[in-house]
Structures are given as structure tokens and as C-alpha cells.
Amino acid sequence: MKFIGIIPARYASTRFPAKPLALLGGKPVIQRVYEQVAGVLDEAYVATDDERIEAAVKAFGGKVVMTSVDHKSGTDRCYEAYCKVGSGYDVVVNIQGDEPFIQRSQLEAVKACFDDTSTQIATLVKPFTPADGFDALENVNSPKVVVSKEMKALYFSRSIIPYQRNRDKKEWLAGHTYYKHIGLYAYRAPVLKEITSLPQSSLELAESLEQLRWLENGYSIKVGISEVETIGIDTPQDLARAEEFLRNQQEAL
């Protein structure tokens, strides 16, 4: 099977404008994401709606495709980019443009989900540990996932699911394995075409989680497990934490 990675990158952001071009360890964030992906997948492209990002990607030697400014989601942007450059690829991997520490092991885990010929869509989760603490589990910006025995997603929620009715909340992490969603998706190419034509669903609107649209419409999402903790960059404060994380990594070498 052939895998193409698409990295959606917008310039406009309410919480962090120009985020893809922010410097992290002397390189733009989008360059660090691209370098983590290139070489693991058969091909990789940045998909953007802004000429400044396009110029930055070309400057470091990356591949980039311009897409519409009207897309409402990264999935839609991925599909347009795939249509422009992706003929001959079986699976499209959607890599968030604000994940500069995404690891080869995570991409390989998503690819492995397609060893199952029935897999339509794949994503990753990371188990919460008691050391994470209840505050991390309760964080609404960290969606939780419930999976079946076949490791297919049953539901995603910003709330804590499942609710342990007969146990003190301080004991929840010790009494059950909760899974944190990692926002990395992969889709068989025909499935990506189908899901981008679906209207927003009631569950998606309620939770503000796009993947619920797919579940509500009967698509299955295979789940791979990663033990790697990454640092997504949503705010300037996240960038400062990422700088510290990168510095500690380099000092450890």
C-alpha cells in the first residue's frame, strides 16, 4: 500500500496567528512537522491557503500545494490537496500542522491499522496513567475515546467516559484504562472522498469533534495505541513549552 501524508496549515488562527511560521529551535513549526513526516510515508505535502506558508515550505525544500481559503476543516483541506497531488496513493494521512514532535512510531502505528483490510479510517490514542492526574483526565481540550475489543472507536467525548458510578473520582485512573485521543487520522482514499461530502451531524455540533460525524454516519474508525507523549502547539504558551521540551531533548543527546 502507498501512503501520502498531507499537513494542513492555515495562517489565520484565533489563538495563535501565523502559528506555522513561528520559530521553534530556529526552524518554522511547519518545517519541524514536515521533517518528522518526510521519509516515513511514501510522500508528504503541506496543504495551505496562504502564500507566506507556501514560500516558507519551498524555502526549506518541502513540497506544498495551495488550497482554498474556504475550508471548514483540515479534512476538507486534505481532500482538496489529495485531489491535486495524490493519484496512485491508497491511504491519505492527515498530520496536524502544529505537532512538531510527531514520531515515526506513531505514523507506523497508524499505517499498521490498514493491515486489516476492513479499516476505513484510523487514528491513535494514548492511555492516561495515574501519574497524569485527574485534572488531565477532566481537561475538555483532551478528548477521550472508548474502544471496542476489536480496537474500533465506539465514541469520542470531551467528557470523561466511561463514568465510574461506584468509585471515588480520585480512584478512576487506577480503576480503568482511559484513552486520550491523538489527533492523527488516516483514511482510505475513497472513504476520504465520501466523508468530505457529509453534512455536519448533531453529535459533532454538540461536542465540536469532527470524527463524530463519521461515526454517526456509520463509518468505523480503527484505533492504534501510542505510548508517546507529544506537545501540540495551540498558543504562544505552548510554543514556549515546546522550546523547553526541544532544548531538553537536545541536551539529552
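A residue is called buried under 20% relative accessible area, exposed over 50% and partly exposed in between, with a 1.4 Å probe and protein chains only. Helices (H or I, at least four residues) and strands (E, at least two) are DSSP runs, numbered from the N terminus. The structure is a predicted model, in which local features need pLDDT of at least 70 and side-chain atom pairs count only at pLDDT 80 or more, while totals for chains, interfaces and linings use all residues. Residues are numbered from 1 along each chain as its sequence is written, and side-chain values use heavy atoms, with hydrogens and water left out.

Strand E1 spans residues 3–9, and seven of its seven residues are buried, so E1 is largely enclosed by the rest of the structure. Phe3, Gly5, Ile7 and Ala9 point one way from E1, and Ile4, Ile6 and Pro8 point the other way. Strands are taken to pair if DSSP finds at least two bridges between them. E1 runs parallel to strand E6 (residues 91–94), to which four bridges join it; here Phe3 stands opposite Val91. E1 also runs parallel to strand E4 (residues 43–48), through six bridges, and Ile6 stands opposite Tyr45 in E4. A charge counts as sitting over a ring if NZ of Lys or CZ of Arg is within 6 Å of the ring centre and within 35 degrees of the ring normal. The charged end of Lys180 likewise sits over the ring of Phe128, 5.7 Å from its centre.

Helix H2 (residues 51–59) has Ile53, Glu54, Ala56 and Val57 as its buried residues. Seen down the axis of H2, these residues fall within an arc of 165 degrees, so they line one face of the helix; the arc is that of the directions from the helix axis to the C-beta atoms. The face turned away from the buried side of H2 carries the exposed residues Glu51, Lys58 and Ala59. The cover over the buried residues of H2 includes E1, helix H1 (29–37), E4 and strand E5 (64–66). Helix H3 (residues 74–85) has twelve residues and reaches 16 Å from its first C-alpha to its last, close to the expected 16 Å, the expected span being 1.5 Å times one less than the number of residues. Among the residues of H3, Thr75, Asp76, Arg77, Cys78, Tyr79, Glu80, Ala81 and Tyr82 are buried.

The structure holds eight aromatic pairs. Rings of Phe, Tyr and Trp (its six-membered ring) pair if their centres lie within 6.5 Å, and planes under 30 degrees apart count as stacked, over 60 as edge-to-face and the rest as tilted. Phe134 and Trp172 form an edge-to-face pair, 6.0 Å centre to centre with 70 degrees between the planes. This pair links distant parts of the chain, since Phe134 is in helix H5 (residues 134–138) and Trp172 in helix H6, 38 residues apart. The rings of Tyr163 and Trp172 have centres 5.0 Å apart and planes at 80 degrees, so this pair is edge-to-face. Phe134, Tyr163 and Trp172 form one aromatic cluster. Within it, Trp172 is buried at 2% relative accessible area, Phe134 is partly exposed at 22% and Tyr163 is exposed at 57%.

Ile160 is found in the loop between strand E9 (153–157) and helix H6 (172–175), and counts as buried at 15% relative accessibility. Leaving aside neighbours within four places in sequence, Ile160 is in contact (heavy atoms within 4.5 Å) with Phe134, Leu137, Glu138, Lys144, Trp172 and Tyr178.
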